[in-house]
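Please read the structure below with its confidence values in mind.

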Amino acid sequence: MSTIMRVDPNYVANLTAAVDQSASEEDMLSAELSSGLRVASLSDDPVAVAQSTLLGSAIAKDDSFVQSASGETSLMQVTDSTLGDVVTQVTTALSVAVSGNNGTENASNIASIAQQLSGIRDQVLSLANTSYQGQYLFGGSQGSTPPFTLDTTTNPATAAYNGDTNVQYVETPSGQKIQVNLPGSSVFGSGSSGVLGALNQLIFDYSGDATTATLLQIRAR
């Protein structure tokens with residue numbers, strides 16, 4: 001006499017469902033391993049997808065700022081170095097002017113001093129027209145035009161400023177604005193004012209037409 005074993009239909013259905021779920025999870029895990037991503041589509045985890053989108057946007061914004069800031073940092077380093085060179089030149093000019101104003105120099109020596117000061121002035125003018133990657137540092141927002149030109153037809157000579165006074169900024173991801181330029185007129189002056197104006201006046205004072213009284217006035221400054 002044989003015994004017939006009856007299989008519970010619910011057991012079969014449950015087993016089939018468990019196998020299908022296991023296979024699905026295995027496929028999902030395999031996909032995650034191959035792609036390196038836990039969420040591949042919106043249906044996988046809508047909340048995670050939304051968070052990932054926001055994070056991706058923030059990262060892209062930060063990356064953009066880092067790239068921009070890197071360029072601005074290089075520009076500011078060049079500006080700082082240029083201004084350091086200007087200070088060196090002006091210090092030298094003062095030393096030359098003081099040493100030459102001792103009351104014992106003859107006309108030839110005074111003319112030589114004027115030439116030295118002219119050379120220093122030209123160096124400062126060149127520094128004022130420094131450019132970096134095709135943009136002039138001290139032209140305000142007029143970066144494509146040399147900011148300073150020298151007019152030697154006047155006595156003393158005058159330096160004209162061709163830029164503007166616009167100040168430029170770079171904005172951080174948090175909204176903070178950082179100044180990245182210095183308008184040339186605020187650094188070197190314009191016309192008869194500022195550093196270039198003072199150098200031009202010194203050159204004129206030490207020119208061949210300078211009188212003893214003029215040189216004594218320089219000494220008294």
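What pLDDT does the chain average? The mean is 74, and 57% of the residues score at least 70; pLDDT is the predictor's confidence in each residue, from 0 to 100. This is a predicted model, in which local features need pLDDT of at least 70 and side-chain atom pairs count only at pLDDT 80 or more, while totals for chains, interfaces and linings use all residues. Residues are numbered from 1 along each chain as its sequence is written, and side-chain values use heavy atoms, with hydrogens and water left out.

Confidence is highest in strand β3 (residues 148-151), at a mean of 95, and lowest in helix α6 (residues 212-220), at 44. Helices (H or I, at least four residues) and strands (E, at least two) are DSSP runs, numbered from the N terminus. Over residues 1-7 the pLDDT is below 50, and this stretch has one contact beyond near neighbours in sequence, a contact being heavy atoms within 4.5 Å.

The structure holds three aromatic pairs. Rings of Phe, Tyr and Trp (its six-membered ring) pair if their centres lie within 6.5 Å; planes under 30 degrees apart count as stacked, over 60 as edge-to-face and the rest as tilted. Phenylalanine 148 and tyrosine 161 form a tilted pair, 5.1 Å centre to centre with 45 degrees between the planes. Phenylalanine 148 lies in strand β3 and tyrosine 161 in strand β4 (residues 158-161), so this pair ties together parts 13 residues apart in sequence.

Phenylalanine 148 is buried, at 2% relative accessibility (buried means under 20% relative accessible area, exposed over 50%, partly exposed in between; 1.4 Å probe, protein chains only). The rings of phenylalanine 148 and phenylalanine 188 have centres 5.6 Å apart and planes at 75 degrees, so they pair edge-to-face. Ring pairs link Phe138, Phe148, Tyr161 and Phe188 into a cluster.
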